[in-house]
Amino acid sequence: MVNGVRLQKTPSKASWWRRTLGEWPAVLFFLLPTVAVLGTFNLYPALYSLYLSLFEWNGLSPAREFVGLANYARLLASGEFWNSLRVTLLYAGGVTLLALALGLGVAVLLNQPILGQSVYRVLYFLPVITPTVASGVVWKYLFDPTQGVVNRGLLAVGLEGPSWLSDPSWALAAVVVVGVWKRVGFNMVVYLAALQGIPRAYYEAAQLDGAGPWQQFRHITLPLLAPTTFFLIVTALIDAFQVFDLVYVMTSGGPLSSTDVLGYYLYRQAFRYSELGFASAVAYVMFALIFVVTVVQFRLSRGGGQGEG
Amino acid sequence: MKARALRTALVRLLLAGGAFLSAMPFLWMLTTALKPESALYQPPLLFPTHFEWTNFIRAWQAAPFPRFFLNSAVMTVGIVLAQTLFSAMAGYALARMRFAGRNLLFFGVLGTMMIPFPVTLIPSFLVVNALGWIDTYNALIIPRAVSAFAIFLFRQFFLSLPRELEEAALMDGAGRLTIFFRIVLPLSTPVIAASAIFSFLFAWNDFLWPLIVTNSPDMRTVQVGLAMFQGQYGVFWTLLSAAATIVTLPAILAFLAAQRQFIAGITNTGLKE
């Protein structure tokens, strides 16, 4: 009987709570950590750095001076900034295009019955998950002018390599090589999945019409991969615009600022020179750059009517 | 027939060549780490004739690597646990519960993925500083305790689960907590594994944030420690390679252990874009 009493009481109490509060207590409980963390460390900082970019402030003194758009004006007048922007665009463009072409190439080659396919996949993918710092350290050695494997290899075929990371005209190229090395595997994996989604029947029909391998690639594979290509370009650009670790480890922005990407420029302004307002302006320029790419992506992927999802 | 054999041979050659270039830095790192200092001047890629295992011990002792490892381990475990649990909870609420502003919140979460990290860097640092968290595990873990990407993964997965099980339990008067922990989570091992491997690699490899929120050598993580080590031991390539190997190994092992989930995570989100 005791059981009977409790059984009657509990549901009515629960339903009273449910009627008045609905699912709100549960909703709050499930979402509180997310709202708290993303709010404090994403949303609020994104807005606050816009606000900070209107001030001159060293981060320590209680007084901060409102300067309006002066930080942005200073930025646009600074040769260092334009150099950083140029270096960043070169790096991003280089890594994105080279890794795209190589990733597609490897994916096409792997998209057939080949002995050891899964081993190849792992070997091409390992650089993606390797810590950037460790990658930078090892590649620094590979690019060492006298002991490095790159110049030793060049010497073996009778060429004298430059001193890569300490040569202003080669340092960026060397960092791009590492960026590409770390990106190819990612592109390959995504391309491979997309290739496997193309029905075999398309190729069979094309073969019946007498299309050769190149024509099949040009008129079936490439157009059907377009949405994937687009996705990979956008994500690669967004990643590359923010590059920091590799530059920090391999070149510290040098020699002669030839690898001084925006991420590194921002870091120096904020954490070496304590120019928090000015650095926030740099951050917002990066944001704008990335925002433009994202908007272009939305526009084109809608306009293209690929019906992706 | 002959052309075909030639083609296959060419494909194999290209693939093997590319794979060699891709793996060469690892090979180089490992062989250098095992060479005695004096053998550095041998021709490249030559396997050491005698293995200098002591390089690892010397590197391990030349800087406080045990402490860096401890810090990275605490941070990584903390981030993996927090991101998995909190993201699963949020993903569940966004997939199953009905409340005003749900879609707005979901797009808000997705929107935070578009905010580049450098934009949030300075104010996040100021928040952590104001809380007195510099040089603490709090600073390393709490700001990254939630992942918008993981929330997205979990939400998509929960949407694909049949509702019947949960509805039956709701009828029986079970609360959301019971349903989530007793019924939903045990069915979610594939997505938990995917989310955990992403969190693990993110945390273990992370550099910029630990660099700015730690000052004391006692609180440095392995990546920051390795970068500092490189600053001090710039040309001691055997020691540097040994240290880089030690720091890379956990990432590679974790990837190999959960390769399938990791790649599925990338291709699913990549293609659904």
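Where pLDDT is low, the predicted coordinates should not be read in detail. Chain A as a whole averages a pLDDT of 89, with 91% of the residues scoring at least 70. The structure is a predicted model, in which local features need pLDDT of at least 70 and side-chain atom pairs count only at pLDDT 80 or more, while totals for chains, interfaces and linings use all residues. Residues are numbered from 1 along each chain as its sequence is written, and chains are lettered from A and ligands numbered from 1 in the order in which they are written.

Between the chains, 71 residues of chain A are in contact with 70 residues of chain B. Helix H2 (residues 24-52) of chain A gives the most to the side of chain A that touches chain B, with 19 residues; helices (H or I, at least four residues) are DSSP runs, numbered from the N terminus. That side of chain A has 55 nonpolar, 12 polar and 4 charged residues, where Ala, Val, Leu, Ile, Met, Phe, Trp, Tyr, Cys and Pro count as nonpolar, Asp, Glu, Lys and Arg as charged, and the others, Gly among them, as polar.

In chain B, helix H12 (residues 222-232) is largely enclosed by the rest of the structure, because 8 of its 11 residues are buried, that is, have 20 or more other C-beta atoms within 10 Å of their own, with C-beta atoms placed from the backbone. The buried residues of H12(B) pack against helices of both chains, including H6 (132-142) of chain A and H13 (237-257) of chain B.

H12(B) and H13(B) pack at an angle of about 175 degrees, with their axes 10 Å apart; axes are lines fitted to C-alpha atoms, for helices over the stretch in contact, and angles run from 0 to 180 degrees between N-to-C directions. The two helices, H12(B) and H13(B), are therefore roughly antiparallel (an angle over 145 degrees). In this pairing, B:Val222, B:Gln223, B:Leu226, B:Phe229 and B:Gln230 of H12(B) meet B:Leu240, B:Ala243, B:Ala244 and B:Val247 of H13(B).

Conventions
Contact = placed C-beta atoms within 7 Å. Buried ≥ 20, exposed ≤ 12 C-beta atoms within 10 Å, placed from the backbone. pLDDT = per-residue confidence, 0-100. Parallel < 35°, antiparallel > 145°, perpendicular 65-115°, else oblique.
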